[in-house]
Amino acid sequence: MSSTQEPSSKKQTLFIASLIILWYSSNIGVLLLNKYLLSNYGFKFPIFLTMCHMSACAFFSYISIVFIKLVPLQPIKSRPQFLKIATLSVVFCCSVVGGNISLRYLPVSFNQAVGATTPFFTALFAYLMTFKREAWVTYAALVPVVTGVVIASGGEPGFHWFGFIMCISATAARAFKSVLQGILLSSEGYNTSVSICLSSAICTFLYVFGL
């Protein structure tokens with residue numbers, strides 16, 4: 001029995017490791033391409049760039065749900081449910097736009113250093129919204145992260161105040177989105193793929209009419 005479970009356990013570990021590597025590589029690739037387009041190439045439309053990202057995300061999520069059937073399609077059933085998803089989408093919009101705008105003014109390395117404070121904001125918003133407290137070790141581990149960002153901000157040669165404000169705002173919005181998404185997934189029973197598909201579609205709609 002244990003011998004049959006061992007290969008499946010190894011396959012699952014390999015699959016999870018592959019997903020993590022794919023996530024890291026795609027995340028770094030998108031970040032570097034955004035930086036190249038917005039800073040080096042001179043593309044001056046970060047909101048339009050974000051709209052392209054969101055529309056592609058909505059399209060491929062829809063394909064994976066409806067045609068490939070990775071997860072079952074879950075339609076919006078009520079107005080309160082739609083308002084929750086719309087709120088999540090607005091926060092999603094702000095986080096991505098703020099991150100793209102910050103890349104016009106800050107180096108990628110410093111942008112990622114500020115982004116490392118996401119767990120701090122996540123723990124803060126989780127406590128404020130759900131009264132969920134983490135272990136004291138978790139809060140203690142966040143102190144050197146925040147301290148490091150403060151030190152890095154003072155010594156960064158390419159520091160730009162507007163870029164820093166946009167970056168820290170995007171980081172806080174990203175953490176706020178994670179907390180909202182957790183609440184939505186637990187209260188409404190949505191899976192992650194459907195949540196991303198609906199949020200991206202609403203984001204695209206907001207960008208089109210916002211432009």
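Modeller: By relative accessible area, buried means under 20%, exposed over 50%, and partly exposed in between (1.4 Å probe, protein chains only).

Modeller: This is a predicted model, where local features need pLDDT of at least 70, side-chain atom pairs count only at pLDDT 80 or more, and totals for chains, interfaces and linings use all residues. Numbering runs from 1 along each chain as its sequence is written, and side-chain values use heavy atoms, without hydrogens and water.

Biologist: Why is Phe15 called exposed?

Modeller: Phe15 has 52% relative accessibility. The cut-off is over 50%, so Phe15 counts as exposed. Phe15 sits in helix α1, residues 2–40. A helix here is a DSSP run of H or I, at least four residues, numbered from the N terminus.

Biologist: What makes Gln81 buried?

Modeller: Gln81 has 6% relative accessibility. That is under 20%, so Gln81 is buried. Gln81 belongs to helix α3, residues 79–102. Beyond residues up to four places away in sequence, Gln81 touches Pro75, Ile76, Glu188 and Tyr190. A contact means heavy atoms within 4.5 Å.

Biologist: What does the side chain of Gln81 reach?

Modeller: The backbone nitrogen of Lys77, at 2.6 Å. A polar contact is a pair of N or O atoms within 3.5 Å; within protein, one must be able to donate a hydrogen and the other to accept it, and residues adjacent in sequence count only if both atoms are side-chain atoms. The 2.6 Å distance falls within 3.5 Å.

Biologist: How do you know that Cys167 is buried?

Modeller: Cys167 shows 3% relative accessibility, under the 20% limit, so Cys167 is buried. Cys167 lies in helix α7, residues 161–188. Leaving aside neighbours within four places in sequence, Cys167 contacts Gly98, Ser102, Leu106, Asn111 and Val114.

Biologist: How many aromatic pairs are there?

Modeller: The count is 12. Tyr62 and Phe67 form one that is edge-to-face, at 6.4 Å centre to centre and 75° between the planes. Rings of Phe, Tyr and Trp (its six-membered ring) pair if their centres lie within 6.5 Å; planes under 30 degrees apart count as stacked, over 60 as edge-to-face, the rest as tilted. Tyr62 is partly exposed at 41%, and Phe67 is exposed at 58%.

Biologist: Why is the pair of Phe159 and Trp161 called edge-to-face?

Modeller: Their ring centres are 5.1 Å apart, and their planes stand at 85°. That is within 6.5 Å and over 60 degrees, so the pair is edge-to-face. Phe159 is partly exposed at 25%. Trp161 is exposed at 59%. Ring pairs link Phe110, Phe159, Trp161 and Phe164 into a cluster.

Terms used
Helix = DSSP H or I, 4+ residues; strand = E, 2+ residues; numbered from the N terminus.
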